[in-house]
Structures are given as structure tokens and as C-alpha cells.
Amino acid sequence: MGKPLFYEILEKPATSCAIGICSAIWFYIQKSNIGYSHVGLSYETALEGHYWRIITSALSHISVLHLVFNMSALWSLGVVEQLGHLGLGVQYYLHYTLVLVVLSGMLVIGMYHILIQKFKLEYFRRVTAVGYSCVVFGWMTILSVKQPSSKLNLFGFLSLPISFAPFESLIFTSIIVPQASFIGHLSGIIVGYAVGWGLIHGMNNYWAVTMLGWTALVFVFSLKKSGTFDLNFLEIEPVTDPSLPSVRFFAAGTGRSLQMSTLPDAGADLV
């Protein structure tokens, strides 16, 4: 007989939070009738500076089947949080989840760019990716490198050897769910191998907080620039001398505003 769910949640706090956040966002999307085009990531929106979509696309799911599949796999992969004796654990999980979200999203756009510019596949201009699968496939891959004897349990009855799970799942989802993003899943696998093999390493609390801070800044200012939401409390203005950047807060009416100088420019798939 397995452990009560409450104890499993305590043993997988970060995984439980991620599942809760994704589920809450899915519920909000359904209640608000938000479409994938409003939150998803595509090549065209990236060119328009909608970098905030790297985050929103990863946390958003449109269909309940898509959500259940990803969260079921993620729950099984939460075993990473219990492997502190192998150099993994909760902190490792949090640090590299951030890495997977950001880098896999950037890699998706990079792959789209190559397919469009090099191979002239204009179809990928219109592809919009949403879902947490990049992170799920990334953790599958990391666990397959760090703990190859583990099993991946899906839906409580399907068990896959973790060493083959990334590519088995890649093929399985491509067949069962034709609109699943092969490129998005592959991006997660590539970043996962880079982490598992130590090509991306050295994340600690300092670098995680630094990366999170820069991600938050890019998120907020790209959201402001895109005009998708009204962020009147933020004001971004250039100063007379662009070689002397400055950042300062000043009172404006009843709120606070951020004034920042800028330098001149140098020149739906489901995942």
C-alpha cells in the first residue's frame, strides 16, 4: 500500500507547487476563455519582443488532457527532490527547473529561426507552442542520466524505464497527439542532456536568484513594451546622453514609477 497523498506532497514540495500553479493557470484560462494565441510562444511573437511568452507558454495548458498528461509525468519525476544523497534534491530541482524553462524556450525559438531562415519552412512562423512539456522532457532526460535504473509512471498504470523514457515519450506523444510540438519536446531533451552531462552546471542560490531576477526584469519590460497589458505604473524613457544610463524611482501621482535610460540599438503546438 502506498503512502498517503499528504505525505507524498510533503516529500515533493516543489513538484506539488508546480502542479498547483499549472492547474490554477489552466483553470483561469478556461474560465476567462483565453486562447493559446494569447499566452503561447511563436517565432513571430518573439520577433515582436514578446519575451514574456517564454514563461507564460511553459505554464499554460489549453486542454485538460494536455494538463493531465504533463502533470502525471511531472509528479513521477518529482522523485528528483528525494535524491539529495545523489547531489539532487529540492534546491537542485528548483535551480534547474528555472534553467529548463528559460533555455528550452529560447532553444525552441532558435530552432524555428533555423527552419525558417535556412530551410525556408515558413510554416513554423505560425506555430504557437504552449505547455510544460519542455520541462517534463528535460527532467526525464536528467533523471535518465543521473538515475538510469528509475521508472517513469504515467497515469498510475503505465511504467517506462527512465533510460528510454525521453525518446519513447517523444515518439508516443507525436503519434497519439499529432499537434504535440516535436521541436518543443526535443528542446527539453537537449537542455536536459546538457544539464545531465554537466555541460550546464554550477547553479547555486546566488546564480539562481540572479537568473530569476533578470528573467523577471525581461518579463516585466517586454510585457510593458508589447502593450498586451496596461502597466501605467512603469515608465521607460531615454535621457539626453545615451552613454550615461541611469535608473531611478520617482513619485508620480499616487503611485510609483520607474524611469530608465536606454542605449541605442546596435543595428499551437502543445509542449
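Ser 144 sits in helix α8, which covers residues 133-146. The model is a predicted one. Ser 144 has a relative accessibility of 9% and counts as buried, because the cut-off for burial is under 20% relative accessible area. Its side chain reaches the backbone oxygen of Thr 141 at 2.6 Å. Beyond neighbours within four places in sequence, Ser 144 is in contact with Ile 162, Ser 163 and Pro 166.

The side chain of Thr 173 reaches the backbone oxygen of Ser 169, at a distance of 2.8 Å. With neighbours within four places in sequence set aside, the contacts of Thr 173 are Phe 69, Phe 137, Pro 178, Ala 180 and His 185.

The chain as a whole was then considered. The protein chain contains eleven helices and seven strands. It has 271 residues, of which 44% count as buried. The accessible surface amounts to about 14700 Å². Carbon and sulfur atoms account for 68% of that surface.

Strand pairing was examined next. Strands of a sheet pair through backbone hydrogen bonds, in either the parallel or the antiparallel sense. An open sheet is formed by three strands in the order β1-β2-β7, with mixed pairing. The edge positions are taken by β1 (41-42) and β7 (269-270). Each of these has a single partner strand, so one side of each is left without a neighbour in the sheet. Strand β2 comprises residues 128-130 and pairs with β1 in the antiparallel sense, over two bridges. Leu 41 has Ala 129 of β2 as its bridge partner.

Strands β3 and β4 also pair. Strand β4 covers residues 158-161, runs antiparallel to β3 and is joined to it by four bridges. Lys 151 has Pro 161 of β4 as its bridge partner. The side chains of β3 (residues 151-154) alternate along the strand. Leu 152 and Leu 154 point to one face and are buried.

Helix packing was described for α7 and α11. Helix α7 covers residues 89-117 and packs against α11 at an angle of about 35°. The two axes are 10 Å apart. The crossing of α7 and α11 is left-handed. On the α7 side, the contact is made by Gln 91, His 95, Leu 98, Val 99 and Val 102. On the α11 side, Asn 205, Ala 208, Met 211, Leu 212 and Thr 215 take part.

The C-alpha atoms of Asn 204 and Gln 91 are separated by 8.2 Å, although the two residues are 113 residues apart along the chain. Gln 91 is also one of the α7 residues in the contact with α11.

Backbone torsions were inspected last. Most residues other than glycine have a negative phi. Asn 33 is not a glycine, yet has a positive phi of about 55°. Asn 33 lies in the loop between α2 (13-32) and α3 (36-39). Its relative accessible area is 67%, so Asn 33 is exposed. Lys 120 likewise has a positive phi, near 60°, and is a residue other than glycine. Its place is the loop between α7 and β2. Lys 120 is exposed, with a relative accessible area of 58%.

Note on methods
Residues numbered from 1 in each chain as written. Predicted model: local features only at pLDDT ≥ 70, side-chain atom pairs only at ≥ 80, totals over all residues. Heavy atoms only, no water. Buried < 20%, exposed > 50% of the residue type's maximum accessible area, 1.4 Å probe, protein only. Polar contact = N/O pair within 3.5 Å; in protein donor to acceptor, adjacent residues only side chain to side chain. Contact = heavy atoms within 4.5 Å. Areas by Shrake-Rupley, 256 points an atom, 1.4 Å probe, with all protein chains shown as cover. Pairing = 2+ DSSP bridges. Axes fitted to C-alpha atoms, helices over the stretch in contact; angles between N-to-C directions. Left-handed = near helix turned anticlockwise from the far one by under 90°.
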